[in-house]
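Welcome! Please take a moment to look over the sequence and the 3D view, and then we will walk through a few places together.

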Amino acid sequence: MPETWNPGQYEMFSEQRQRPFADLTSRVAATSPEIVVDLGCGSGAHTLALAERWPHARVVGVDFSAEMLGQARRHDRDERVEWVRSDVESWDPAQLGAPVDVIVANSLLQWVPTHMRLIPGWVEALAPGGWLAMQVPANFNAPSHTLLRDVSARSPRAAELLPRLVRGEAVSEPAVYLFSLAGLGCDVDTWETTYQHVLDPGALQGNPVLEWTKGTALLPVFEVLSDEVERADFVAAYGEALLRAYPRQAFGTVFAFRRIFAVAHKKG
Ligand SMILES: C[S@@+](CC[C@H](N)C(=O)[O-])C[C@H]1O[C@@H](n2cnc3c(N)ncnc32)[C@H](O)[C@@H]1O
């Protein structure tokens, strides 16, 4: 999993990335939570939205990327949020000193292959009546990802690249989250959505799906290909394949994106 993130590249599609977060958190009905935690908070825009929604809550953002947390602190001019640098695998909710009312993990758990083992601890950390809301991308069989694996398989560095591109295996189907969370004593709302994102309607970006993946899916590849020439060759081959798979339409480039959502409400 990549430790080096590029907040600017990630935020290029903030409008499209905001939608699943809004859809997820719209199903959390907490009215006046005291402690709200955003796991894998990234560059913090969504954490700040949580702080705005619940102005009296103590809000904590947890992430292991120094770059993402640096950007989050820059966005948080009023120092409203406690930003914590930690791997979520080792983050201990007990350090908050009180049960948590809301835990959000938006677009995080695909990077955390052990997450099914972590979920029980997070549910246990919730106060009675607390909420755990998670969303994971589930588009690992879409061309954006199959082409990444194809180009990696043809690369001289295939043996190093391919093992890093297995995130699809980390994500479970909606029913798995439903059964797991219901088994932990929660009322559960689970669903999936395939967004038809229309990228770059103004035709300013040349290859918008490539720009999207540079902010996420390509990061594990970039960690292996630190040599500029090697990286440029890879990006050229992958970019060309993406343009064939996602041709520009008169109104923009259509990027279909499946996502899985689960909102668990711990019984009061
Ligand atoms: C795709 S971004 C999502 C950011 C934010 N939640 C959002 O909704 O935009 C994933 C974030 O998870 C963080 N991350 C990935 N694995 C992590 C881990 N094991 N522990 C903590 N943070 C992690 C990355 O640093 C990155 O900031």
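Predicted model: local features only at pLDDT ≥ 70, side-chain atom pairs only at ≥ 80, totals over all residues.

What about disulfides: how many does the structure hold? The count is 0.

## Where the ligand sits

Now turn to the ligand, which you will find in the largest pocket. Around the ligand there are 19 residues, and those that come nearest are G40, H46, D63, V88 and N106.

What kinds of residues make up this shell? It divides into 10 nonpolar residues, 7 polar ones and 2 charged ones.

In D63, an N or O atom of the side chain is 2.6 Å from an oxygen atom of the ligand. The side chain of N106 also takes part, with a polar atom 2.7 Å from a ligand oxygen. V88 uses its backbone instead: an N or O atom there lies 2.9 Å from a nitrogen atom of the ligand.

How much of the ligand does the protein bury? Taken alone, the ligand exposes 590 Å², and the protein buries 97% of that area.

Definitions and conventions
Residues numbered from 1 in each chain as written. Heavy atoms only, no water. Near = heavy atom within 4 Å. Polar contact = N/O pair within 3.5 Å; in protein donor to acceptor, adjacent residues only side chain to side chain. Areas by Shrake-Rupley, 256 points an atom, 1.4 Å probe, with all protein chains shown as cover. 1 Å grid on protein atoms, 1.4 Å probe; cavity = no way out; pocket = protein on both sides within 12 Å on 5 of 7 lines; lining within 4 Å. Sits in = over half its atoms within 2 Å of the grid points. Nonpolar A, V, L, I, M, F, W, Y, C, P; charged D, E, K, R; others polar. Disulfide = S-S within 2.5 Å.
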